[in-house]
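Let's take a walk through this protein together, one region at a time. Please have a look at the sequence and the model before reading on.

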Amino acid sequence: DEQWNNILIGEENTPILDATIYYECITGICGDNLSWILDTYTGTLTISGTGDMYDYNRPWEEYADDIKNVAINNGVTSIGSEAFFNCTSLTSITIPDSVTIIGHLAFALCSSITSITIPENVKVFGDGVFAYCSSLEKVVYLSSGFSEMIFLGCSNIKSFHFGKNALMDFASDIGLAIGYTIVYSCLNEYEETIVNGNLANITVV
């Protein structure tokens, strides 16, 4: 109330008693048929349309520190290389079933992400997609695709939940993907093992 009373308008300097505040929404293009909008109040970046995102193109780079949530709508088929590289305020990501490709270093150095779900339809991964996401603890990996160093430097991972379609080779090589240790076969119903010095829950969902 004190702040409102300090704002005066009109010839008689009548105090403002009520007002509607509009927060800025920033928009742009991130693919031939894709657009993005950033709500600066909530920190939510939404990507809509159809087709692939551009690689190595970050039209929201000026606002990267303001991005807290990324919502990718169904119809988007790829996440561009380095799309969200070093977005350190980013805490949550929604990846739809339509995405089949995640490019190089797409979410690398996103140090505030704690969990990620990778849909079954993602078949192609660039290198280091989630490299050095230092707060990442939980991974739900439904894809059968694989790339080395996906989770390089993710030293706090505590649980992996694999989809039934995950490749045997991926299960045996997951330690290489994490970058520091080997997680043995997790194709049984349940297994506990040490990942990066942490007790990890390994399940098939």
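A residue counts as buried when its relative accessible area is under 20%. Arg58 has a relative accessibility of 17%, so Arg58 falls into the buried class. What does the side chain of Arg58 meet in a salt bridge? The partner is Glu61, with an N to O distance of 3.5 Å. The count of salt bridges in this model comes to one.

Before going further, a word on confidence. What you are looking at is a predicted model. The average pLDDT of the protein is 79, and 68% of the residues score at least 70. Please take some care with residues 175-199, where pLDDT stays under 50. For that stretch the model has 73 contacts beyond four places in sequence.

Now let's turn to the sheet. Four strands make up an open sheet with parallel pairing, and their order is S6-S8-S10-S12. Its edge strands, S6 (51-52) and S12 (124-125), each pair on one side only. If you follow strand S10 (residues 101-102), you will find that S10 pairs with S12 in the parallel sense, over two bridges. Here Ile102 stands opposite Phe125 of S12.

In soluble globular proteins, nonpolar side chains tend to be buried together. The largest nonpolar core of this model has 43 residues, and Ile102 is among those with the most contacts inside it, along with Trp60, Ile79, Phe84, Leu90, Phe107 and Phe151. Several strands each supply at least two residues of this core, including S3 (25-31), S5 (44-49), S7 (69-72), S8 (76-79) and S11 (115-118). The largest share, three residues, comes from S4.

Leaving aside residues up to four places away in sequence, Ile79 touches Met53, Ile72, Phe84, Ile95, Val99, Ile101, Ile102, Gly103, Ala106 and Phe107.

Our last stop is a loop, the one between strand S13 (138-141) and strand S14 (159-162), where Ser143 has its place. Is Ser143 buried or exposed? Its relative accessibility is 0%, which means that Ser143 counts as buried. Which backbone atoms does the side chain of Ser143 approach? The side chain of Ser143 reaches the backbone oxygen of Val122 at 2.3 Å. A polar atom of the Ser143 side chain also lies 2.8 Å from the backbone nitrogen of Gly145.

Methods: Residues are numbered from 1 along each chain as its sequence is written. This is a predicted model: local features need pLDDT of at least 70, side-chain atom pairs count only at pLDDT 80 or more; totals for chains, interfaces and linings use all residues. Side-chain values use heavy atoms; hydrogens and water are left out. pLDDT is the predictor's confidence in each residue, from 0 to 100. Contact means heavy atoms within 4.5 Å. Buried means under 20% relative accessible area, exposed over 50%, partly exposed in between (1.4 Å probe, protein chains only). A polar contact is a pair of N or O atoms within 3.5 Å; within protein, one must be able to donate a hydrogen and the other to accept it, and residues adjacent in sequence count only if both atoms are side-chain atoms. Two strands pair if DSSP finds at least two bridges between them. A salt bridge is a side-chain nitrogen of Lys or Arg within 4 Å of a carboxyl oxygen of Asp or Glu. A nonpolar core is a set of buried Ala, Val, Leu, Ile, Met, Phe, Trp, Tyr and Cys residues joined through side-chain atoms within 4.5 Å.
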